[in-house]
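Please keep the sequence and the structure in view while reading.

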Amino acid sequence: MAANPEVTRDGTLAVPPEPARKGVMDRFIDSIEWIAAFFVGIVALNTFTAVLMRKFFAVTIPDYYNFGQFMLGILIFWGIAATSYRGTHITVDLVWANATPKYQRWIDVFATLVLLFVVTVQTYTLFDKVVSTRDAHIVTMDLQVPIWPFFLVSWIGDVSAVLLIAIRTYRLIFHPEDIHDAKIRTAE
């Protein structure tokens, strides 16, 4: 059953606004969020399957615990990417809330630049971990699966976080109206 169309005061039907077209950056941001959601599902499926097999069939899946740990690490780094752009992570806004819109924007730019620096350094050190783990030929206990690809996928999530934070920084400085946070104001 279709919803009733809205009627304006003059008796004409109001046409709902067309959804805004998403640009390349918005589609990229959405894809990062979908990848993070995919890894949430993988971690949940791994845990559910392991518990189900152990409880009802007394069977332990080889390396399920290791895979769960590595997938959780991947999930964390992709989650950082997803939350860093949207600004939906937990924040303490005591100073920000009491500042004028001009200073709120300055605080947002400064905080995002600090976040960009920290995550960039983290990305650099994680890449070193990927390389050293690959060079050391470290494998899982049961199946002898190399673990460096898990670290590589985590690193790609961290690189995505750096890219998204850089996009957020650019938009905060030059196009604050493109930021989808409820708290961002464009007043100068």
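Gln144 is found in the loop between α4 (101-135) and α5 (148-174), where helices are DSSP runs of H or I with at least four residues, numbered from the N terminus. This is a predicted model, in which local features need pLDDT of at least 70 and side-chain atom pairs count only at pLDDT 80 or more, while totals for chains, interfaces and linings use all residues. Residues are numbered from 1 along each chain as its sequence is written, and side-chain values use heavy atoms, with hydrogens and water left out.

Most residues other than glycine have a negative phi. Gln144, however, has a positive phi near 60° although it is a residue other than glycine, and its relative accessible area of 47% makes it partly exposed (buried means under 20%, exposed over 50%, and partly exposed in between, with a 1.4 Å probe and protein chains only). Ala58, which is likewise not a glycine, has a positive phi of about 50°. Ala58 lies in the loop between α1 (24-57) and α2 (64-86), and at 69% relative accessibility Ala58 counts as exposed.

## Salt bridges

Side chains of opposite charge can pair when their charged atoms come close. The structure holds 2 salt bridges, a salt bridge being a side-chain nitrogen of Lys or Arg within 4 Å of a carboxyl oxygen of Asp or Glu. In one of them, the side chains of Asp26 and Arg171 meet at 3.1 Å, N to O. Because Asp26 lies in helix α1 and Arg171 in helix α5, this pair ties together parts that are 145 residues apart in sequence; both Asp26 and Arg171 are buried.

The side chains of Asp135 and Arg134 also meet in a salt bridge, with an N to O distance of 3.3 Å. Asp135 counts as partly exposed at 48% relative accessibility, and Arg134 is partly exposed as well, at 41%.

## The chain as a whole

Of the contacts in the chain with a separation of 6 or more, 73% are accounted for by residues 24 or more positions apart, a contact meaning heavy atoms within 4.5 Å.

Buried residues make up 30% of the 188 residues in the protein chain. The chain exposes about 12,800 Å², of which carbon and sulfur atoms supply 69%; accessible areas come from the Shrake-Rupley method with a 1.4 Å probe, and for residues only the protein chains shown count as cover.

Note on methods. Helices (H or I, at least four residues) and strands (E, at least two) are DSSP runs, numbered from the N terminus.
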